[in-house]
Amino acid sequence: MIILGKHTSLLCLLLCIYKLNAVKSSLPVVLWHGMGDSCCFSFSMGAIKKLIEATIPDIYVYSIRLGNNEIEDVEHSYFGNINQQISKVCEQLSKNEHLKDGYNAIGFSQGAQFLRAVIQRCPNPPISNFISVGGQHQGVFGFPNCESLGHDTCNRMTQMIKYGAYLNFIQEKFIQATYWHDPYKELEYKQKSIFLSDINNELHINQTYKDNLQKLNYMVLVKFANDTIVRPVESEWFGFYKPGQGTLIQTLEQSDLYHQDRLGLKMLHEFGKIHFYSVPGNHLQFTNSWFINVIIKMYLM
């Protein structure tokens with residue numbers, strides 16, 4: 001009985017250690033919000049942070065903020081040089097001791113393509129799973145909710161931005177211009193976009209970008225089926241308009257980005273590392289239960 005008791009105590013100790021390690025095995029999570037949002041608003045990123053923490057006790061969640069407060073963070077989502085912002089975020093993450101062993105990343109709307117740039121440019125600390133919720137990975141060609149203004153007005157507004165989006169001072173100061181993708185001006189987009197064209201390896205292949213992206217465990221792409229903000233919505237799955245027109249869509253698998261494997265997406269896809277989800281509803285509209293069951297439990301735990 002005494003010997004059994006000793007072994008039982010040892011067994012209990014080992015089980016306790018195992019359980020403690022199991023709790024700590026959930027990687028930290030990094031969030032990057034979308035346009036017009038902030039790191040910590042209680043109705044948006046603050047609520048997401050609390051939801052993750054409630055589902056996975058003791059997990060560390062870091063929500064990216066640029067600027068000294070939430071208002072400045074919102075302003076930075078519209079104005080500034082996005083490449084400089086990404087460099088600052090890379091510095092934030094590299095100095096965060098909680099993230100030194102790696103983390104999972106969730107980007108919301110434009111925050112998704114910005115986090116993808118972090119993966120490609122700043123692989124340390126390493127990212128395991130990358131979850132893009134409504135990200136615009138092939139850019140946008142149209143104003144949010146444009147159709148609600150009427151077809152003619154919508155077309156006129158689109159035409160106006162077409163003439164200024166690729167001016168250098170616009171690219172340097174207005175965040176959304178850096179992922180404006182004009183299918184009628186493919187060469188100008190590839191040459192003058194200071195952000196999206198670069199991270200998509202449009203002009204030349206940056207092998208480091210490919211190598212870093214292929215280190216991911218999973219890339220999760222969430223599209224909103226009734227999205228009125230992102231045009232075209234297929235950009236959330238790396239699809240876009242066929243070059244030279246603004247009506248017909250080509251999927252990721254039909255694009256040069258895929259066939260030429262300019263980012264390594266073809267290899268990721270063939271190895272089953274890209275997961276596609278379509279959610280009914282408008283941009284970033286999802287339920288807590290969906291987020292818990294599909295995102296948290298499948299990719300964060």
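Colleague: Which residues lie nearest the centre of the second largest pocket?

Modeller: E186, K190, E202, D256 and L257, out of 14 lining residues. A pocket here is an open set of points on a 1 Å grid over the protein atoms alone where a 1.4 Å probe fits, with protein on both sides within 12 Å along at least five of seven lines, and lining residues have an atom within 4 Å of a point. This is a predicted model, where local features need pLDDT of at least 70 and side-chain atom pairs count only at pLDDT 80 or more, while totals for chains, interfaces and linings use all residues. Residues are numbered from 1 along each chain as its sequence is written, and side-chain values use heavy atoms, with hydrogens and water left out.

Colleague: OK, new topic. How many disulfides does a search of the whole structure find?

Modeller: Two, taking a disulfide as a pair of cysteine sulfur atoms within 2.5 Å. One joins C39 to C40, S to S 2.3 Å, and the other joins C90 to C122 at 2.0 Å.

Colleague: Is the C39 and C40 disulfide left-handed or right-handed?

Modeller: Left-handed, because the torsion about its S-S bond is about -95°.

Colleague: And the C90 and C122 disulfide, left-handed or right-handed?

Modeller: That torsion is about 85°, so the C90 and C122 disulfide is right-handed.

Colleague: Are C90 and C122 buried or exposed?

Modeller: Both are buried, meaning under 20% relative accessible area, with exposed over 50% and partly exposed in between (1.4 Å probe, protein chains only). C39 is also buried, at 2%, whereas C40 is partly exposed at 38%.
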